Amino acid sequence: MRPVKLSRKTVLLSSVAAAFAVVGGGAVIAEATAGGDEPDEPEGDQPVEETTADPVGELLASMSLEDKVGQLFMVYVHGESADTADPDAVASNLERLGAENGAAFVAAYRPGGVIYFDWANGLADPEQVARLSNGLQDASAVPLLIATDQEYGSVVRIGEPATQFPGAMPLGATRDTAAAEEAARIAGAELRAMGLNHNFAPDADVNVDPANPVIGVRSFGSDPDLVADFAAAQVRGYQAGGVAVSAKHFPGHGDTSTDSHADLPVITHTAEEWEAVDAPPFKAAIAAGTDMVMSAHLQFPALDDSLKPATLSPPILTGLLRERLGFTGVVVTDALDMQGVRTEYGDDRVPVLALLAGADLLLMPPDFPLAHRAVLDAVAAGELTEERIDESVRRILDLKHSRGIVDDPEADEGAAAEAVGTDANRAAAEDIADRSVTLLANDGTLPLASGSVLVTGWGENTTQRLAAALSANGFQAEALTTGDDPDADAVAAAVAAAAGRDLVVVATRNVRAGSPQADLVAALLDGAAPVVTAAVGTPYDAAQLPGANASLAAYSYAAPSLAALAKVIAGAVEPTGTLPVDVPSASGGVLYPFGHGLGYK
């Protein structure tokens, strides 16, 4: 690690920076000075000055209101480096943030944190990510939370060479909480090696609506106890790996067919149903010590009959989360640029209402200068008190201190590549994937030891990778992608390509009633080759694809999951995964129940 020397920065308040440079016995080991001089070493047996018992409180007391309001925000910045001069990145930053690049923004506004996205920051090279992280930390007076959404599976911001784990629902299919904890520990360590210190995971939602468009495989399953156990395990694992965590999306986003990115969902559970279904994973995550809980942009009438979105609801964030569940950590909003929280309130009101409801950290306002000014104006008008601002800033600073972010904010750029995507880490991901694949139906077609295979269906990368994995297992495999909505020509091409094959594997994802993916499978079943369907998203696809000779659920299109599918098809790996959800029948009832899973033996 490069030494962190606050005296070299434009320090917020140099007189209290030394309060953070402490060791267990409370001795001051560094002293920041306004002039940038290095501290003198104590001579002889001179007594060592004792530090304050409350370094966070002393820093907080010395901050201006503007500095404290800055700490309430986490935003994304454009650019692969903190000091980017790329014209497109500069233009985007000026439009949204009022600064040319991340370093300039951090120095000017002193935000609490920055969140990374692959489309905004590159994130393809561990050394580049570490350099970006260090550049932002170097520009910041108070060390930043640097976060991302690295849930794995369907929500991944940092791709290869970072180790790619299958995701939440495949973990649920293994029933192995120790594996979930170890996956999170490895993932956390890789993030920390690149300078990230916070992950917006795990997802603590209980996915009880098969039509849920925004959660699905991001959930560990449909059983509250299973989700609770896995969420708690991942809280422990990520923290052991060196990153703070955020359980989401409170009070529960698992029973809705509306995507809160585009509209405002309504959860119709009763208070008793919330207690039985939605609450257990959040209680478990809190008991495990989750650093943050993220709010959901949804209405929950049984919990707040005012119908305010949970993010803006005092009864939900303060009455329920704080007072009833006893959560004392940081409450973070889901992204404030999502439509679910903007349907009734302007972008100047949402941040203020979220703080009044009990939120601490405001994530991704669509117009940061407007949001920042709105909070300052609310304090000036008496709608928000500075004492209320202090409560939230105190929690944010406590988190940074307790997770070692203040003491050690920077990454070792030279070592990042060696720590990320190691052979041992990839082997752990492959082992989890191997144990997650679930065999739902089989007429004896599987396993198949060799032969000619056509891989078709959803996803160009998915079909090509699955074909390559089958080839690696001794098959003569060819990929022909037909996509989400194959037209008649695509279906005809697949039928023609299937002629003379020993097996056809159809990768499916998000198959609904009337989906052209179902038409593709039906047309292939009219041919001579046996057909295996492989759901690379939720296992609910099976209800819409009757008649397949065999049906598999991988729950993921991550590379280890596709490799595991190939091994199961070839019989190199026994299918041992069991359903973490019920798969309902298209005609009503349950087609495959929770816990279902066939084997070969």
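**Entry 1. Conventions.** I number residues from 1 along each chain as its sequence is written, and I work with heavy atoms for side-chain values, leaving out hydrogens and water. As the model is predicted, local features need pLDDT of at least 70 and side-chain atom pairs count only at pLDDT 80 or more, while totals for chains, interfaces and linings use all residues.

**Entry 2. The parallel sheet.** I traced an open sheet of 8 strands in the order β7-β6-β5-β4-β3-β2-β1-β8, with parallel pairing. Strands (E, at least two residues) and helices (H or I, at least four) are DSSP runs numbered from the N terminus, and two strands pair if DSSP finds at least two bridges between them. The edge strands, each pairing on one side only, are β7 (330-332) and β8 (362-363). I found 2 bridges between β1 (residues 73-75) and β8, with M74 partnered by L363. Helix α14 (residues 368-380) lies across β1 and β8 and runs at about 180 degrees to β1. Angles run from 0 to 180 degrees between N-to-C directions, with axes fitted to C-alpha atoms, for helices over the stretch in contact.

**Entry 3. Strand β3.** Strand β2 (residues 113-115) joins β3 through 3 parallel bridges, and I115 has A147 as its bridge partner. A147 also stands opposite H198 in β4, a strand (residues 198-199) that pairs with β3 in the parallel sense over 2 bridges.

**Entry 4. Helix α10.** Just after α10, G242 takes a positive phi of about 110 degrees.

**Entry 5. The mixed sheet.** I followed 6 strands forming an open sheet in the order β9-β14-β13-β12-β10-β11, with mixed pairing. Its edge strands are β9 (438-442) and β11 (475-481). The twist averages 20 degrees from one strand to the next. Strands β9 and β14 (residues 550-553) run antiparallel and are joined by 4 bridges, with N442 opposite A550.

Methods. Contact means heavy atoms within 4.5 Å.
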